[in-house]
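Here is a short report on one chain. It starts with the overall build and then turns to single residues.

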Amino acid sequence: GNRSGGARAQCRNAATMSHRKFEHPRFGCLGFNPRKRCAHSKGRVRKFPRDDASKPCHLTAFMGYKAGMSHIVRDVDKPGSKQHKKETVEAVTIIETPPMVVVGLVGYVKTPRGLRSLTTVWAKHLSDEFRRRMYRNWYKSKNKKAFTKYIKEESDKSKNSDKEIERIKKYCHIVRVIAHTQVSKISVGQKKAHVLEIQINGGDSKAKVDFGYKLFEQQISVKSIFAQNEMIDCIGVTKGHGFKGVVSRWHVKKLPRKSHRGLRKVGCIGSWHPASVGWSVPRAGQKGYHHRTEVNKKIYRIGDAAKKADGSIEQKNATTEFDLTEKAITPMGGFPHYGPVLQDFVLIKGCCIGTKKRVITLRKSLLKQTSRNALEEIQLKFIDTSSKFGHGRFQTADEKSKFMGLLKKDLVKEAAK
């Protein structure tokens, strides 16, 4: 019991022995500081995949809107694993990805201080949902003149944009298209489109510019950028939780029950001297609504839009080879806090940052994928479409009506006819 200080230190230094009271990993990662609210709700691509001129020109990112989650059933294909050839149930996230529209082209030159944009060329016909992005308040703005002068000058002397395109071809190493989402096609209750610069990789500068210029005013689908079984990265802003204390924000241990003046605190926030609180000490503050990049999300399916060009709705995009029931990806009663998914969608394994309706930037992986998980071929057996609001018992409305029989509301409808 009464061990001297030297013996205690000796015990502390012994490689084989340690105790939490001597050392333990700190609470929370300091690499994510400062933990403050993000200035924008859109995920910003800070790094695009490395360019390889030997490959054909292709785009490297896309944008979608988080709709919600469901689960799937599939067979595991992992020789040697105990799970091999057995069924597994996995959570998946549905991201609605209506086609994006290319409206511009920008070229960058490399300087000792990083990239510098040389010039930008815009398309001649720009939709209102894109032009709304240029205004704080579209409704109150009087003339709505964004881009009108540029388009007038372009039509007067058409050589202008050709000259800028030649400059990009001559000087620029990095070429990106400017594309916007078609937010009017989905049910997020917003009219202002989200705009993204998407880097063109592959080919030389001339090929990149020609590839980008051909896409002007064209719709690009998510299928033209990503493929099934591909590993992608999701960039976005996390769900906000407001002002939180240290236990919730940093996950520090609660103090014992009998602690004086509260127990959801840090026991000691520093020594007497230096007479200031260290930057690495956990403190209360903002939790959530931070910009984050999550890597290696596997695409389980890229689904076609349920809503066709003629306006008809085809309920077939959640059917599999094993489950031939004709059903759409939208669960019974719609996705909670989102609604129906009628456009193209991406089904990714696991969860994804952000709340429902939040815009998520999908980017091609920066790494060469070699793991078994990344290379495994996925074949879905079943996609769950039961109600996500309560205990869903039925996959489709037909199944429910067959089980429940004629309901009172059905009889009322028939009587009204």
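A residue counts as buried when its relative accessible area is under 20%, and as exposed when that area is over 50%. This is a predicted model. By that cut-off, 42% of the 417 residues in the chain are buried.

**Overall build**

The chain has 9 helices and 15 strands. Its radius of gyration is 27 Å, well over the 22 Å that the globule rule gives for 417 residues, so the chain is more spread out than a compact globule. Along the principal axes, the C-alpha trace spans about 90 × 70 × 55 Å.

Contacts reach across the sequence. Take those between residues at least 6 apart in sequence: 76% of them join residues at least 24 apart.

**Surface and charge**

The charge count is 86 positive side chains and 37 negative ones. The centres of the two sets lie 14 Å apart.

**Cysteines**

How many disulfides does the structure hold? It holds 0. Cys 29 is in no disulfide, and the nearest cysteine sulfur belongs to Cys 38, 18 Å away.

Accessibility puts Cys 29 in the partly exposed class and Cys 268 in the exposed class.

| Residue | Relative accessibility | Class |
|---|---|---|
| Cys 29 | 40% | partly exposed |
| Cys 268 | 56% | exposed |

**Ala 193 in its loop**

Where is Ala 193 found? It sits in the loop between strand E6 (174-180) and strand E7 (195-201).

Leaving aside residues up to four places away in sequence, Ala 193 touches Glu 129, Phe 130, Arg 133, His 180, Thr 181 and Val 183. Glu 166 is another matter. Ala 193 and Glu 166 are 27 residues apart in sequence, and their C-alpha atoms are 29 Å apart in space.

**Helix H8**

Does helix H8 lie buried or in the open? H8 covers residues 397-404, and of its 8 residues the number buried is 0, so the helix lies largely in the open. Just after H8 comes Gly 405, which takes a positive phi of about 75°.

Notes: Residues numbered from 1 in each chain as written. Predicted model: local features only at pLDDT ≥ 70, side-chain atom pairs only at ≥ 80, totals over all residues. Heavy atoms only, no water. Helix = DSSP H or I, 4+ residues; strand = E, 2+ residues; numbered from the N terminus. Rg over C-alpha atoms; globule rule 2.2 N^0.38 Å. Buried < 20%, exposed > 50% of the residue type's maximum accessible area, 1.4 Å probe, protein only. Contact = heavy atoms within 4.5 Å. Lys, Arg positive; Asp, Glu negative; His and termini not counted. Charge placed at Lys NZ, Arg CZ, Asp CG, Glu CD. Disulfide = S-S within 2.5 Å.
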